[in-house]
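I opened the notebook to go through backbone geometry, strand pairing and core packing in turn. My entries follow in the order I looked things up.

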Amino acid sequence: MEIRTLRYFLEAAQEKNMTRAAQRLHVSQSALSKQLKGLEEELGKRLFIRHSFSIELTQEGALLQKRAEDLIAMSDKIKREFLTMDDLVGGHVYLGCAESYQIRFLAQAIKQFKESYPGFHYHITSGDSQQVLERLDRGLLDLALVVEEPDHQKYHALKMPGSDRWGVVMPVDCALAKKAAVCFEDLIGLPLFCSQQSWEGDLPRWCGEKREQLLLEGSFRLAYNGSVFAREGLGYLLTFEHLIDTSDESGLVFRPLMPCLENDLYLLWLKHQVFTPIAKRFLLHLQQFFHLRNEH
């Protein structure tokens, strides 16, 4: 199975049309069809359902799409790493970031680093902590920022300078918005939105076994999506402060949980990980940058 063939497959899967996929790949439609047919024969599975003017993935094709995306991402990462192995002032670094207001510290550090190393390029993948850690473990990322206590046997960890405060995002005109802070009893019986990871890991730190009395109306990996539903009055979003626009024009407000619930953010990298020269310099820069912020 060749990487080139997997690229052909992904293009066809994305375009859902053989003609358009062939045009984007600058190959003939017959050559593309031959490559994909060969891939199906090699795997012994049908990957596409072919219609008159479109194609769609089979269940096996959807599985291959996910695996192929990872393989191609790893292939591209390896190529870039080896092309820049002798480059001390430029190259590529791959970062994964969970949602947090503290990402601003990363942005500040990158801006400062690029002033000294303009040939530095960074690639950022966003997701919840579980998604980010999975990519770090598979070698698709060099560094990860997560909002959960790290496994210190598996990762090196550096705590970020601040903390993220939990609260409730809701329409400005609802009764609960009149309170300065929200306690557990205020949430009983209300439809709540929260990420599944936080519902299972963070909320019990705040209310313990009483969480079973709360109603999870829907789960969202991205806070913004949850805020759209909250704005429509469908529920109340449990999330970090500063992630959602709660300006006067937004129609939403944020009220902190009481007692206070906070999460720390950690920069992680795998133990025994081998870095390119630019990645080593960037990691050292981050360590120094965050150390100075932590001191203040």
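**Entry 1: strand pairing.** I worked on a predicted model throughout. I began with a bridge partner. Alanine 157 pairs with leucine 268 in β11. I then looked at the strands as a whole. Strand β6, residues 155-171, runs antiparallel to β11, and 8 bridges join the two. I checked β5 next. Strand β5, residues 143-146, is also antiparallel to β11, with 3 bridges. Here alanine 144 stands opposite leucine 268. So I have leucine 268 facing alanine 157 of β6 and alanine 144 of β5.

**Entry 2: burial of β11.** How many of the 9 residues of β11 are buried? I found 7, so the strand is largely enclosed by the rest of the structure. I counted a residue as buried when its relative accessible area was under 20%.

**Entry 3: the cores.** I turned to side-chain packing. The largest nonpolar core has 50 residues. Which members touch the most others? I noted Leu143, Met170, Leu187, Leu238, Leu257, Leu267 and Phe282. Helix α11, residues 277-295, supplies the largest share of this core, with 7 residues. Another core lies apart from it and has 18 residues, among them Ala12, Ala21, Leu32 and Leu64.

**Entry 4: leucine 238.** I picked leucine 238 from that list and looked up its contacts. I left aside its neighbours within four places in sequence. Leucine 238 is in contact with Trp166, Gly167, Val168, Leu187, Leu192, Phe193, Cys194, Trp199, Leu203 and Leu257.

**Entry 5: backbone exceptions.** Most residues other than glycine have a negative phi, and most peptide bonds are trans. I searched for departures from this. Lysine 16 has a positive phi of about 60 degrees, although it is not a glycine. Lysine 16 lies in the loop between α1 (3-15) and α2 (18-25). Histidine 26 is another non-glycine residue with a positive phi, near 60 degrees. Histidine 26 sits in the loop between α2 and α3 (29-43).

Are these two residues buried or exposed? Lysine 16 is partly exposed, at a relative accessible area of 48%. Histidine 26 is exposed, at 74%.

**Entry 6: a cis bond.** Which residues does the cis peptide bond join? I found methionine 258 and proline 259, with omega about 0 degrees. Proline 259 lies in the loop between β10 (252-256) and β11 (262-270).

Definitions and conventions
Residues are numbered from 1 along each chain as its sequence is written. This is a predicted model: local features need pLDDT of at least 70, side-chain atom pairs count only at pLDDT 80 or more; totals for chains, interfaces and linings use all residues. Side-chain values use heavy atoms; hydrogens and water are left out. Helices (H or I, at least four residues) and strands (E, at least two) are DSSP runs, numbered from the N terminus. Buried means under 20% relative accessible area, exposed over 50%, partly exposed in between (1.4 Å probe, protein chains only). Two strands pair if DSSP finds at least two bridges between them. A nonpolar core is a set of buried Ala, Val, Leu, Ile, Met, Phe, Trp, Tyr and Cys residues joined through side-chain atoms within 4.5 Å. Contact means heavy atoms within 4.5 Å.
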